[in-house]
Amino acid sequence: MVDYHAANQSYQYGPSSGGNGAGGGGSMGDYMAQEDDWDRDLLLDPAWEKQQRKAETAANRICKVLAVNQENEHLMEDYERLASDLLEWIRRTIPWLEDRVPQKTMQEMQQKLEDFRDYRRVHKPPKVQEKCQLEINFNTLQTKLRLSNRPAFMPSEGRMVSDINNGWQHLEQAEKGYEEWLLNEIRRLERLDHLAEKFRQKASIHEAWTDGKEAMLKHRDYETATLSDIKALIRKHEAFESDLAAHQDRVEQIAAIAQELNELDYYDSHNVNTRCQKICDQWDALGSLTHSRREALEKTEKQLETIDQLHLEYAKRAAPFNNWMESAMEDLQDMFIVHTIEEIEGLISAHDQFKSTLPDADREREAILAIHKEAQRIAESNHIKLSGSNPYTTVTPQIINSKWEKVQQLVPKRDHALLEEQSKQQSNEHLRRQFASQANVVGPWIQTKMEEIGRISIEMNGTLEDQLNHLKRYERSIVDYKPNLDLLEQQHQLIQEALIFDNKHTNYTMEHIRVGWEQLLTTIARTINEVENQILTRDAKGISQEQMQEFRASFNHFDKDHGGALGPEEFKACLISLGYDVENDRQGDAEFNRIMSVVDPNHSGLVTFQAFIDFMSRETTDTDTADQVIASFKVLAGDKNFIPAEELRRELPPDQAEYCIARMAPYQGPDAVPGALDYKSFSTALYGESDL
C-alpha cells in the first residue's frame, strides 16, 4: 500500500526545496519562521489555494498508480523466484525418483524406503505448500492486474503455471512409480531372502544327514563280520537305501530353489550355485557308493553262508563232545566214597567200560577238528577275515584238545585210585567180619542175661537172702564177662579208624552193645538193691516171708509187661484186689489220689515194687509218725514248746544231739528263752511234712 500522507509531504516539500536551492542550508528555526510567513501569504491567495488542491489530487493519483505498479512488480518477482525454486527442486527430485537401480540386500532397500518416507514426510510437504502458495499468488496478481487495467502477467518461458503443473504431474508419476518399484523390489528381496534361507536350511539339513555317509559306505566292515553281522549290515543297508531314496526329493528341492534364486538374480547366486553343485556331486557319489556296497555285502554273505554251515555243524558236534569230556573229567576226578567191596568193584567195572569208549571218542574228536579246518581253508581262499570265534559255540579246537589231553592224563590216575580203594575195602571187609563175629556173640549173651535177671526178680524162689546170694553170684559172672566186651571195643576202634559206618554182617553196633552192657550192670545192681531193701523193710516192719511173697505175687500179677512198675490203672486194680475201696466214684477217686501221692510223690505215673512194699508195710504195721516224735521231744523238754541245746546234749547220744542242734530252727514263740530250739518244725521235716 502507498503511504499517501508521505507522498503529500514529498509533494509539498519538494518544490520548495528545488526553488530556493540554498534554502536547504539554513537552520531549522529560520526555516520554520519562513514557513509560517509563507503560510500566512498563501492563505491569503485564493488562486494559489485552488491550484494547490489540483496538484495534490494529481500527486495522489500518481502515487496510487505507482504503488499498485510497485506491488505488482514485487508479486511478479516473487512468483518468478518461487517458480524457479520449485521447478529446480522438481528437476532435482525427479531423477532421484527415477533411479531404479536394485539393491542387493534387504537392508539397503529398507534404507531406500526409509529415505522415500523421509521425502514424503519432510521434503515434499513444504513444496506442496509452496506450489499452492504460488498458484494463489499468481491468481491474486492476475486479478489485481485486471482490476487496474493492466495487461495480464506472462511469466518467463518455462515458468508458467502449466509448466509447474506439468512438472509436478511428472513428479507425482515418478513418485508413484518409485513407490511401486520400492515395494516390488522389497517383496522381491523378501522372496529372495526367504528362498535363500530355505535353501540354506534344506542344504544344512541335507549336509548334516550326509555327514559321515561316504565314510560309512566306504567302510569295509563286512570283511571281518560274521554271517549274522552281514545280514544285519544288509538290513541296515536296505534301510539306508530307503532313506537315500526319501532324501532324493530334498535334493531336487534344493536344486529347484537354487534355480529360482538364479532366475530372480539373487546377489549371492555364486555361493548358492557352488553349494548346490557340491550337494549334487556328493549325491551322485553316494548313489554310486551305495550300489558298490550292496554288491560287496551280497558277495560276502554268500561266502559266509558256506562257512556258517560248517560252523553250525562244528557246533552241533563239538557241544555234546565237550559235554562228554567235561562229564568224563568230572567222573574221573570225582572223590568217590564207597563203604563196601561191592561198591568199589562196581566203580572199577564202570571205569573199564568207560576206557573202552575212548578210541571212538578220539575218532569223533578228529572229525570235529576237520570241520573247523575246512572252514578256515574256505575263509583263507576267499580272503575273508573271520572274527576268530564260532558264533554258535564257545568251544574252540584248543579247548577240545586241552580237555582231551586232560582226560588222557586222568584215566591212569583213576585206575590207581580205584585199585587203592579196592585194597582198602578188602581190609574193611575183614574188619567188619571180625567185629560181627564177636558182636553176634556178645549181643545175644547180654540179652539173655537181661531176661534171666528179670525172671529171677519175678520168680521169688527161696528166701530173700537166697535170692540176694543168687543175684550176687550172677553179678560176678557178668563182671567176669567184661574182657569179651573189651575185645569188641578194640575191634570197634579199628573200624572207626577205618571210617567204617555200617556192617551188613551184624545188627549189633558198638553203641547198642555199650547201652546193653550198661543196662545189664544197672539192672543187676538195681535188682540186688531192691532185694536188700526188701530185707530191710521186712526186718524193720516185721513182715513175714509169706506176706512178702503175697505182695510180690499181687504186684507181678498186675505187672502185665513185666517192666517192674505199675501204671495208675494197674495199681488201682491191684489195690481193689487187696480190698481197698478205690472204685470209680468221688470218694474212691479221692482215696486213690491220696494213695498215689504217697507211692508216687514225683508224679512220674509209675509205682515201683519198692514203693508198693513201703505202702503196704505202712498199711499193715505200726510205724513212727511225726506226732509221736513231737510227743517224745515234749517229754524231754518237760512239756515246754521248745527245748534247749543243753537238754538235747544231756538226753541224746553226742552225734545225734549235735545232728538235732545243727538242724533245729530257733524257737520264735512268745515263751521263747535264749537258745530255745523249735523241735516241732524239726519233727515234721523229718517226715517230709515241712523243709529242714
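Are Trp445 and Trp517 buried or exposed?

Analyst: Trp445 is buried, and Trp517 is buried too. Here, buried means under 20% relative accessible area, exposed means over 50%, and partly exposed lies in between, with a 1.4 Å probe and protein chains only.

A word on the ground rules before we go on. This is a predicted model, in which local features need pLDDT of at least 70 and side-chain atom pairs count only at pLDDT 80 or more, while totals for chains, interfaces and linings use all residues. Residues are numbered from 1 along each chain as its sequence is written, and side-chain values use heavy atoms, with hydrogens and water left out.

Now to the rings. A pair of aromatic rings is described by the distance of the centres and the angle of the planes. Rings of Phe, Tyr and Trp (its six-membered ring) pair if their centres lie within 6.5 Å; planes under 30 degrees apart count as stacked, over 60 as edge-to-face, and the rest as tilted. Helices (H or I, at least four residues) and strands (E, at least two) are DSSP runs, numbered from the N terminus.

Searching the whole structure turns up 16 aromatic pairs. Your pair, Trp445 and Trp517, is stacked, with 6.3 Å centre to centre and 25° between the planes. This pair links distant parts of the chain: Trp445 belongs to helix H11 (residues 397-459) and Trp517 to helix H14 (residues 510-541), 72 residues apart.

For contrast, Tyr659 and Phe682 form an edge-to-face pair, at 6.4 Å centre to centre and 70° between the planes. That pair also links distant parts of the chain, from Tyr659 in helix H21 (residues 654-663) to Phe682 in helix H22 (residues 679-686), 23 residues apart. Tyr659 is partly exposed because its relative accessible area is 37%, whereas Phe682, at 3%, is buried.

Elsewhere, ring pairs join Trp89, Trp96, Tyr119 and Trp168 into a cluster.

Two strands pair if DSSP finds at least two bridges between them; contact means heavy atoms within 4.5 Å; axes are lines fitted to C-alpha atoms, for helices over the stretch in contact, with angles from 0 to 180 degrees between N-to-C directions. Three strands make an open, antiparallel sheet in the order S3-S5-S4. Strands S3 (643-644) and S4 (665-666) each have a single partner strand and stand at the edges, so one side of each is left without a neighbour in the sheet. Two bridges hold the antiparallel pairing of S3 with strand S5 (residues 676-678), and Pro644 has Ala676 in S5 as its bridge partner. H22 packs on this sheet, touching S3 and S5, and its direction makes about 30° with that of S5.

Val607 lies in strand S2 (residues 607-608) and counts as buried because its relative accessibility is 0%. Leaving out residues up to four places away in sequence, Val607 touches several residues, including Phe555, Phe571 and Phe612.
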